[in-house]
Amino acid sequence: MTNRNTNEEINGLFIYHDPKKGCVYYDIISKNGYVMSRSDYQSYSKFSFLKLLSIVSIYLFVQFFSIELWLAAVIGIGLFIAIEVIFRKTFIYNMPVVENYKPIKKDRLYVSMAKNMSMGRLIITTLVAITASTLIIIYARMENFEGLNLIVTYLMALVMFAMFVNGIIAMSVQLKNKQK
């Protein structure tokens with residue numbers, strides 16, 4: 001399903017595309033589905049960003065405010081819980097409920113990339129991912145990172161390398177589909 005205003009694909013964590021109901025947000029706690037309209041997607045995106053920011057805040061508190069890791073973790077988890085409660089009380093509360101929703105299996109990332117991206121875009125995305133992964137590792141070595149900085153840097157490099165692998169697999173899937 002696409003957003004009518006921006007032609008942007010409506011997707012995200014726990015959002016499924018049901019042929020009968022449209023976009024459905026699956027709540028893993030209550031095991032219910034909630035039917036999303038196009039206008040709900042912007043609110044969902046904001047809440048998703050805030051949840052991610054609450055997790056990233058742990059690292060930011062340690063680095064920029066010299067707070068101990070355990071205290072930063074408590075603050076970050078507290079922010080995450082507060083955002084989740086607000087999300088449930090304001091966003092989910094107003095949506096139509098689908099009791100005991102069984103989510104439809106999502107495509108793997110590389111299948112989705114092969115379907116939705118041109119070969120040129122796949123090549124560029126793959127090259128950017130491997131370049132970014134390599135540069136992140138080089139930067140970490142040059143700066144002699146230690147501890148939490150080194151872990152976060154290597155995790156970023158690992159994510160970029162995973163994008164590179166997904167891009168390679170997506171290109172091979174797309175080439176196989178063209179040969180058929």
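Figure 1. K31 is partly exposed, with a relative accessible area of 43%. That value falls between the cut-offs, because buried means under 20% and exposed means over 50%. The model shown here is predicted. K31 sits in the loop that links β2 to β3. Its phi is positive, about 60°, although K31 is not a glycine. The two strands on either side form a hairpin, with four residues between them.

Figure 2. Strand β3 covers residues 32-36. It pairs with β2 in the antiparallel sense. How many bridges join β2 and β3? There are five bridges. C23 has M36 in β3 as its bridge partner. Strands of a sheet pair through backbone hydrogen bonds, either parallel or antiparallel.

Figure 3. Strand β1 spans residues 15-18 and pairs with β2 over four bridges. The sense is antiparallel. D18 has G22 in β2 as its bridge partner. Three residues lie between the two strands of this hairpin. P19 is found in the loop between β1 and β2. Is P19 buried or exposed? P19 is exposed, with a relative accessible area of 75%. Now compare sequence with space. P19 and I169 are 150 residues apart in sequence. From C-alpha to C-alpha, they are 27 Å apart in space.

**Figure 4. Strand β2 and the sheet around it.** Strand β2 runs over residues 22-27. It is mostly covered, and six of its six residues are buried. The sheet is open and has four strands, in the order β1-β2-β3-β4. The pairing is antiparallel. β1 and β4 stand at the edges with a single partner strand each, so one side of each has no neighbour in the sheet. In a regular strand the side chains alternate between the two faces of the sheet.

Figure 5. Strand β4 holds residues 97-98, and helix α3 holds residues 109-116. N100 lies in the loop between β4 and α3. Its phi is positive, about 45°, yet N100 is not a glycine. How exposed is N100? N100 counts as exposed, with a relative accessible area of 54%. The cut-off for exposed is over 50%.

**Figure 6. Helix α4 and its covered residues.** The 24 residues of α4 should span 34 Å at 1.5 Å a residue. The end C-alpha atoms of α4 are 35 Å apart, which agrees. Which residues of α4 are buried? They are M119, L122, T126, A129, S133, I136 and A140. An α-helix has 3.6 residues a turn, so residues three or four places apart point the same way. The cover over the buried residues of α4 includes α3 and α5. After α4 comes N144, with a positive phi near 50°.

**Figure 7. Helix α5 and its neighbours.** The buried residues of α5 are N149, T153, A157, N166, G167, A170, M171 and Q174. What do these buried residues pack against? They pack against α1 (38-65), α3 and α4 (119-142).

**Figure 8. The whole protein, for orientation.** The protein has five helices and four strands. From the N terminus on, the elements run β-β-β-α-α-β-α-α-α. The C-alpha atoms fill a box of roughly 55 × 50 × 30 Å along the principal axes. Of the 180 residues, 29% are buried.

Terms used. Residues are numbered from 1 along each chain as its sequence is written. This is a predicted model: local features need pLDDT of at least 70, side-chain atom pairs count only at pLDDT 80 or more; totals for chains, interfaces and linings use all residues. Side-chain values use heavy atoms; hydrogens and water are left out. Buried means under 20% relative accessible area, exposed over 50%, partly exposed in between (1.4 Å probe, protein chains only). Two strands pair if DSSP finds at least two bridges between them. Contact means heavy atoms within 4.5 Å. The expected span of a helix is 1.5 Å times one less than its number of residues.
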